[in-house]
Amino acid sequence: MIIKKLLLRDWRNAGETRLEFSDSVNLICGDNAAGKTNLLEAIFFFAAGKSFRGCREKELIRFGCDQSAADIEFVSGGAEKRMGVRLKKNERRRFYREGNEIVRMSEFLGEFRSVIFTPDHLDLVKGSPDGRRRFTDMAICQSFPRHIAALSEYNRLLIQKNAHLKGDITVPELLDVYDERMAALAAAITVNRRKYLEQLEKAARTVLDEMSEHTEQLSIMYVTQAEGYTAEEIRQSYLSMFASKRAAEIEKRVTLCGPQKDDFFIYINRRAVRLYGSQGQQRSAVLALKLAEGELSKSLTGEYPVFLLDDVLSELDARRRSYVLGRISGRQVIITGCDPGIASALGAGTLITVKDGKAECSYI
């Protein structure tokens with residue numbers, strides 16, 4: 001997977017922007033708040049269908065403008081491909097592939113794949129369960145786009161069921177319908193998450209073992225309310241839970257069980273990193289997860305994704321920086337930073353200088 005070109009119009013603080021990327025290393029350099037991360041955000045939008053910052057889409061439109069556009073040209077499986085997105089205030093977003101509009105998100109996801117790592121990803125260790133669920137689901141959707149369909153339908157039904165529970169009268173027969181369909185969707189979501197995290201754990205364990213010079217072993221514990229391992233066992237488990245929680249849900253006026261309660265915990269040498277890990281161990285654990293995400297994408301799809309590193313190298317000590325650079329060698333990497341001198345450590349590639357939202361390309 002190689003991105004060749006990025007074209008932006010009124011995206012964040014960027015006006016008309018056209019960038020061409022090297023197949024290897026690309027360094028985006030500029031002062032803080034110049035717009036470096038905005039470029040990574042635009043690229044990752046094509047992988048996830050949303051901003052990794054968790055912002056609303058209208059915030060991606062340049063201040064004072066009514067609409068924005070982003071287009072990429074990339075190579076996947078030896079074929080050249082084009083994708084586009086159009087955002088307009090007070091209208092739904094529009095996605096395009098080879099110039100044709102795409103209606104279903106599952107047809108958009110999986111075409112372009114990338115892994116992004118920012119300093120904020122330390123929240124995978126220290127942050128809320130919602131952030132860890134979002135990380136897992138975004139990674140799964142890039143390799144298995146149909147996962148987004150199950151998530152979307154489940155979340156839609158969850159909103160509807162909660163609205164019904166908050167009403168003046170609850171209809172048991174309607175709750176039965178919600179619970180039956182939600183249990184099936186919840187089972188599919190849970191199976192996908194468990195399988196992905198099991199594979200991610202294996203890859204991340206290898207990465208951390210190498211990074212720590214064989215002194216630290218990583219493990220992941222997936223936590224879900226459902227019992228069982230197969231989709232049918234999990235579906236039956238959710239049905240039982242919904243039935244047993246019916247009175248409590250009516251009293252509290254909210255759905256009390258489902259995959260919206262899932263979480264996972266990271267351990268190093270059998271100790272919870274969130275509680276007992278040093279800052280260095282927490283950073284290493286997240287690095288291992290993100291690098292493993294790229295390795296897993298390769299094993300599932302046959303090619304490496306594009307690696308996006310947002311001001312990460314400056315946060316690492318010399319040993320971890322050397323390891324990361326060695327690990328991503330030979331793959332396409334797009335890195336942001338404030339120090340153009342770091343280019344010498346990265347080898348040949350493209351230098352993109354950003355100032356006040358304007359970007360210019362040169363060669364390292």
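A: A salt bridge here is a side-chain nitrogen of Lys or Arg within 4 Å of a carboxyl oxygen of Asp or Glu. The model is a predicted one. In this model, Glu232 forms such a salt bridge with Arg235, and their closest N and O atoms are apart by 3.1 Å.

Q: By about how much of a helix are Glu232 and Arg235 separated?
A: Both residues belong to helix α7, which covers residues 231-244. Because Glu232 and Arg235 are three residues apart in that helix, the separation is about one helical turn.

Q: What is the radius of gyration of the protein chain?
A: The secondary structure of the protein chain comes to twelve helices and 15 strands. For 364 residues the globule rule gives 21 Å, and the chain comes close to this, so it is as compact as a globular protein of that length; its radius of gyration is 22 Å.

Q: What percentage of the residues in the protein chain is buried?
A: The C-alpha atoms fill a box of roughly 65 × 55 × 35 Å along the principal axes. Among contacts between residues at least 6 apart in sequence, 69% join residues at least 24 apart. Of the 364 residues in the chain, the buried share is 52%.

Q: How many residues apart are Arg12 and Glu41?
A: The side chains of Arg12 and Glu41 meet in a salt bridge, with an N to O distance of 2.8 Å. Arg12 lies in the loop between β1 (2-11) and β2 (14-20), whereas Glu41 lies in helix α1 (residues 36-48), and the pair thus links distant parts of the chain, 29 residues apart.

Q: How many residues apart are Glu303 and Arg113?
A: The side chains of Glu303 and Arg113 meet in a salt bridge at 2.9 Å, N to O. Glu303 is in the loop between α10 (279-301) and β12 (306-310), while Arg113 is in the loop between α2 (105-108) and β8 (114-117), and the two are apart by 190 residues.

Note on methods: Residues numbered from 1 in each chain as written. Predicted model: local features only at pLDDT ≥ 70, side-chain atom pairs only at ≥ 80, totals over all residues. Heavy atoms only, no water. Helix = DSSP H or I, 4+ residues; strand = E, 2+ residues; numbered from the N terminus. Rg over C-alpha atoms; globule rule 2.2 N^0.38 Å. Buried < 20%, exposed > 50% of the residue type's maximum accessible area, 1.4 Å probe, protein only. Contact = heavy atoms within 4.5 Å.
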